[in-house]
Amino acid sequence: MDEKKAAILGEIPRLRRYARSLLRDRDSADDLVQDCLERALVRLDNWQTGESPRRWLFTIMHHLFIDQTRKVNRRGEVAMLPLEAGEAQAIPAEQVENIASREIIDALQAISPDRRAALVMVAIEGFSYAEAANILGVPAGTLMSRIARGREELRGLLDDTARRRAIRIVER
Amino acid sequence: MTPRDFSERDIHMALDGELPGDERVAYDAWLDANPEMKARSARYVADRAALRAAFAGVLDEPVPARLQKIVFGEAPVKTAASRSRWWQAAAAAAMLAIGGVGGYVAGIDRLGLEDPAEDHLAEQAIAAHVIYAAEKRHAVEVPASDKDHLQTWLSNRVGLKLVAPDLAAEGFQLVGGRLLPAGESKAAMLLYEDDKGERISLFVTAESAEKAKGTYGSEENGPEAVYWLDKGYGCAVVGSLPRAQLTAVAKSAYSQLLAGLAG
């Protein structure tokens, strides 16, 4: 197997983690990674020697994610009918999540995709501002404001959740 | 060097390792002098730790074989049905962003599983509604006074046994109907009106291969479509009514349509 493919293979765990933070649902996240890998293999020749495979792959995946998010937004709000009582169910426990993890994952899903991507890129994936701005294709100032707003929004949502939990406890 | 003023922006930069090393001491002093900022910084640090912890496990999961196969060039050819649907989760997330965190109890991955086919049906239905419901004199081709002919004609053209639902209980009277193109086939549109002149339309086609139901709105404050698809037919009820009312009317129309199809 050639070096490029070996390098791509080595990045899959990171791509999966990034996808999971963007989409939450495991299968959907792996579908996104799959689309990313397919596109990457078609464009293997575009990959400059010396360019970090991680940055190259993250850029491809981010474009896939953001293009589709925009399409969805253009088509308008997509919502199902209210679920019947029997259909409503909590998220399947496909991954062992404690309450704190679940709350923060839920909150992360609730902030805007642009902010989510920027925050995750830096706070979880450990990219520098310059790298993240490059991957997301936005100026550094935009990236910074997305990170700052994303963090504030995330914290606000967690505060709300904590407040609601407190109210429920009081009601009991 | 004169110590510069720090701001909340620096909290983020410090957290992300972007604060120049020679400013670190001054920054820490600033934090110590501003308990509120220090508390904020501490919350962000804790949130980041929680975020990292929440996703740390993903790196240890075995890589799914389907992903490895792609890199090895052994990926099976995708069929239309197995086409990646990850973006639907993005749609669900967009919806959750509106609904807030509380939305998760409804089950994130059960929401927003719309298929482009049904969006397409809803879009066609909304487009037809926008054009014809606004027409005063030319809203329909065949008026309700000629209901029997309307039903026979549309049934023959669309290829379904169509019975115009009676929505009087919901306050709507049939105005009439028309035949419309729907992709490569045809659709019937039935227009209803209440005593205030509010109009809703019912859009029915014989083209559909899958089961689905949902609500679709193409723009803010625009009309919404409540739709159902099943094998062999699809229908959408479009209007600018409050969601609950539209859903109630749609349910009534749908059950009568079903009864008509079977009859």
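In this predicted model, B:Tyr27 and B:Trp30 both belong to helix 2 of chain B, where three residues, about one turn of the helix, separate them. B:Tyr27 is buried, and B:Trp30 is buried as well.

**Aromatic pairs**

Over all chains, the count of aromatic pairs comes to seven. One of the pairs joins B:Phe6 to B:Trp30; with ring centres 5.9 Å apart and planes at 45°, the pair is tilted. B:Phe6 lies in the segment before helix 1 (8–15) of chain B, whereas B:Trp30 lies in helix 2 (residues 24–33) of chain B, so the pair ties together parts that are 24 residues apart in sequence. Both B:Phe6 and B:Trp30 are buried. B:Trp30 also pairs with B:Tyr27, and that pair is tilted because its planes stand at 35°, tilted being the class between under 30 degrees for stacked and over 60 for edge-to-face.

| Ring pair | Centre distance | Plane angle | Class |
|---|---|---|---|
| B:Phe6 and B:Trp30 | 5.9 Å | 45° | tilted |
| B:Tyr27 and B:Trp30 | 5.9 Å | 35° | tilted |

In chain A, ring pairs link A:Tyr18, A:Phe58 and A:Phe127 into a cluster. Back in chain B, a ring meets a charge: the charged end of B:Arg178 sits over the ring of B:Tyr132, at 3.7 Å from the ring centre.

**Helix packing between chains**

Helix 2 (residues 26–42) of chain A packs with helix 4 (residues 65–72) of chain B at an angle of about 5°, and their axes are 9 Å apart. The two helices are therefore roughly parallel, since angles under 35 degrees count as such. On the chain A side, the residues in contact are A:Asp27, A:Asp30, A:Asp31, A:Val33, A:Gln34, A:Leu37, A:Glu38 and A:Leu41. They meet B:Arg66, B:Leu67, B:Ile70 and B:Val71 of helix 4 in chain B. By class, this contact has six nonpolar, five charged and one polar residues.

B:Val238 lies in strand 7 (residues 233–239) of chain B. With a relative accessible area of 0%, B:Val238 is buried, because buried means under 20%. Leaving aside neighbours within four places in sequence, B:Val238 is in contact with B:Ala125, B:Ile126, B:His129, B:Ile200, B:Ser201, B:Pro223, B:Glu224, B:Ala225 and B:Leu246. The C-alpha atoms of B:Val238 and B:Ala122 are separated by 8.3 Å, although the two residues are 116 residues apart along the chain.

Terms used:
Residues numbered from 1 in each chain as written. Chains lettered and ligands numbered in written order. Predicted model: local features only at pLDDT ≥ 70, side-chain atom pairs only at ≥ 80, totals over all residues. Heavy atoms only, no water. Axes fitted to C-alpha atoms, helices over the stretch in contact; angles between N-to-C directions. Helix = DSSP H or I, 4+ residues; strand = E, 2+ residues; numbered from the N terminus. Parallel < 35°, antiparallel > 145°, perpendicular 65-115°, else oblique. Contact = heavy atoms within 4.5 Å. Nonpolar A, V, L, I, M, F, W, Y, C, P; charged D, E, K, R; others polar. Buried < 20%, exposed > 50% of the residue type's maximum accessible area, 1.4 Å probe, protein only. Phe/Tyr/Trp six-rings, centres within 6.5 Å; stacked < 30°, edge-to-face > 60°. Lys NZ or Arg CZ within 6 Å of the ring centre and 35° of its normal.
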